[in-house]
Amino acid sequence: MTAEPVGARSRTGYDAETLAALVADAEEIKGRYPDPRSGLLPLLHLVQSVEGYVSRDGIVFCAEQLGLTAAEVSAVATFYTQYKRHPNGEYTVGVCTNTLCAVMGGDAIFDRLSQHLDVGHDETTPDGSVTLERVECNAACDYAPVVMVNWEFFDNQTPESATELADRLRSGEQVTPTRGADSVCSFKQMSRVLAGFDDGRADEGAGAGGPTLEGLRIARERGWTAPGGEQAGAPGTPRVEVTPETGTGQSSAERKPTTPSDDTGPAGQADAKEGDDD
Ligand code: FES
């Protein structure tokens, strides 16, 4: 008897090669969990990495893989804003307009970008390069206002630096995030990483910078400790102190400024101030 091709019973419209690759990746994802249906979220990222959004085929594929109904998969895919139900641009430019970023200039950045690109929230430029979004807090409030490009950080932005960033993306230039990975990958590539497939960039670039570590620095300077901190750890286990440093490996202080507002010198601060008044 001839073996049935992988995915031969699939009701999706994927071609044989795409389907075979998806099935192999789905097997790996399902194998990570005691209950395979726990893999729905990474599976949705996986199908998004193929077409740049969660299509009807993507919904059907996830349902077939996990023994769910299409309605159950759709209910999850429409709940989370990271899953797109229409084709996304090459780069999602997400402007944080949550409370702190908003008052620090996030709303002004979004409005300027919206006007400059002539698109609104969750809309894509006609060339397919940029999808503009309002995003919620990215736990980077100490660098407010923050713009994310495919979930990479661009800190301390201004309307001017953000429009320059968008223009560079649209012209195909490589841009360098302020922290984290050294470059920005495409939306499809990023979706594959979110599905749990390592692209080798996780340890790139700068980590925590001065503003993030400032509270810790002050606490140590003044000898403050958290309640119960002295007793932390197993009895008899010495506490391991790791002193954070800036200006060395894994510190954003070592990275050259990528926008005028990254420059903490007088010129950069003047640019940032000008942007804040916009
Ligand atoms: S409010 Fe923007 S990162 Fe927290």
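Two strands are taken as paired if DSSP finds at least two bridges between them. In this predicted model, strand β1 (residues 91-96) and strand β4 (residues 147-149) are joined by three bridges and pair in the antiparallel sense. Within β4, Met 148 is the bridge partner of Gly 94. Strand β1 is also joined to strand β3 (residues 130-135), in this case by six bridges, and these two strands run parallel. Gly 94 has a bridge partner in β3 as well, namely Glu 133.

Strand β1 is mostly covered, with six of its six residues buried. In a regular strand, side chains alternate between the two faces of the sheet. Both faces of β1 are covered. Tyr 91, Val 93 and Val 95 are buried on one side, and Thr 92, Gly 94 and Cys 96 are buried on the other.

A helix pair was also examined. Two packed helices are described by the angle between their axes and the distance between the axes. Helix α5 (residues 99-117) packs with helix α6 (residues 159-170) at an angle of about 40°, and the axes of the two helices are 9 Å apart. Because of this angle, α5 is oblique to α6. The crossing of the two helices, α5 and α6, is right-handed. On the α5 side, the contact is made by Ala 108, Ile 109, Arg 112, Leu 113, His 116 and Leu 117. Helix α6 contributes Pro 159, Ala 162, Thr 163 and Ala 166 to the contact. By class, seven residues in the contact of α5 with α6 are nonpolar, two are polar and one is charged.

Methods:
Residues are numbered from 1 along each chain as its sequence is written. This is a predicted model: local features need pLDDT of at least 70, side-chain atom pairs count only at pLDDT 80 or more; totals for chains, interfaces and linings use all residues. Axes are lines fitted to C-alpha atoms, for helices over the stretch in contact, and angles run from 0 to 180 degrees between N-to-C directions. Helices (H or I, at least four residues) and strands (E, at least two) are DSSP runs, numbered from the N terminus. Angles under 35 degrees count as roughly parallel, over 145 as roughly antiparallel, 65 to 115 as roughly perpendicular and the rest as oblique. A crossing is left-handed if the near helix is turned anticlockwise from the far one by less than a right angle, and right-handed if clockwise. Two residues are in contact if their C-beta atoms, placed from the backbone, lie within 7 Å. Ala, Val, Leu, Ile, Met, Phe, Trp, Tyr, Cys and Pro count as nonpolar, Asp, Glu, Lys and Arg as charged, and the others, Gly among them, as polar. A residue is buried if 20 or more other C-beta atoms lie within 10 Å of its own, exposed if 12 or fewer, and partly exposed in between; C-beta atoms are placed from the backbone.
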